[in-house]
Amino acid sequence: MNRNLIFAFLLLAALAMVNAVPYQLLKRAGDVGDPCPAPEGSYIYANLNPFPPVSNQPVNYTVEGGMLGYGITPYKTTITIAYTDKHIIEAYTKALDFYYAKGAPFSFDVLDVPTPQLPSAYAIIVIIADKTDDPNKPELHACSFATIGY
Ligand SMILES: *[C@@H]1O[C@H](CO)[C@@H](O)[C@H](O)[C@H]1NC(C)=O
């Protein structure tokens with residue numbers, strides 16, 4: 001599926017960045033906060049409870065960020081939380097049901113996100129995207145990731 005290809009691409013891009021950038025130089029604003037490819041002027045980070053996640057125990061995510069070019073449109077804008085290693089282990093997507101104006105800093109909770117059986121090393125990717133007419137081609141607006149166990 002195209003959606004899986006998008007995530008696989010993001011993971012590869014994320015892992016390439018981890019290798020390319022000395023780790024200390026990455027600014028981490030939260031548990032998940034390393035930037036992955038997204039439109040300029042967008043940032044997000046997420047704090048997790050618990051962190052790090054425990055296999056098969058749901059996690060509450062607090063997501064904060066801002067997007068200069070985009071707002072959050074109820075039922076059109078989605079949050080995706082993906083657990084990946086070389087493949088996508090699990091991806092959880094939820095439509096947001098509230099509004100934020102373009103450029104407004106946002107903060108919201110995503111409760112009880114299911115956690116898969118986790119390998120010893122994996123990445124978490126958090127993505128904000130808008131649905132489009134093509135369900136396989138969401139429009140990416142903001143993205144961050146964290147690697148755990150590498
Ligand atoms: C997540 O939030 C829900 C609702 O506030 C709460 O019942 C649950 O205990 C929280 N889970 C964790 C792991 O903090």
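Analyst: Start at the ligand. The residues around it are Asn49, Pro50, Asn60 and Leu111. A residue counts as near a molecule if its C-beta atom, placed from the backbone, lies within 6 Å of it. This shell divides into two nonpolar, two polar and no charged residues. Here, Ala, Val, Leu, Ile, Met, Phe, Trp, Tyr, Cys and Pro are nonpolar; Asp, Glu, Lys and Arg are charged; the others, Gly among them, are polar.

This is a predicted model: local features need pLDDT of at least 70, side-chain atom pairs count only at pLDDT 80 or more, and totals for chains, interfaces and linings use all residues. Residues are numbered from 1 along each chain as its sequence is written.

Now take Asn49 from that shell. Asn49 sits in strand S2. Strands (E, at least two residues) and helices (H or I, at least four) are DSSP runs, numbered from the N terminus. Asn49 has 13 other C-beta atoms within 10 Å, so it is partly exposed. A residue is buried with 20 or more such atoms, exposed with 12 or fewer, and partly exposed in between; C-beta atoms are placed from the backbone. Setting aside neighbours within four places in sequence, Asn49 is in contact with Val59 and Asn60. Contact means that the two C-beta atoms, placed from the backbone, lie within 7 Å. Asn49 and Thr62 are 13 residues apart in sequence, and their C-alpha atoms are 8.3 Å apart.

Take Ile124. Beyond four places in sequence, its contacts include Val32, Ile81, Tyr83 and Phe145.

S7 has partner strands too. Two strands pair if DSSP finds at least two bridges between them. Strands of a sheet pair through backbone hydrogen bonds, either parallel or antiparallel. S4 (residues 77–84) runs antiparallel to S7 and is joined to it by eight bridges. Within that pair, Thr77 has Asp130 as its bridge partner, and Ile79 stands opposite Ile128. S8 (residues 139–148) is also antiparallel to S7, with nine bridges. There, Val126 has Ser144 as its bridge partner.

Step back to the sheet. It is open, with five antiparallel strands in the order S1-S8-S7-S4-S5. S1 and S5 stand at the edges with a single partner strand each, so one side of each has no neighbour in the sheet.

Finally, the whole chain. It has one helix and eight strands. Of its 150 residues, 33% count as buried. The mean pLDDT, the predictor's confidence in each residue from 0 to 100, is 86, and 81% of the residues score at least 70. Helix H1 (residues 2–20) has the lowest mean among the elements, 59, while strand S6 (residues 106–113) has the highest, 98.
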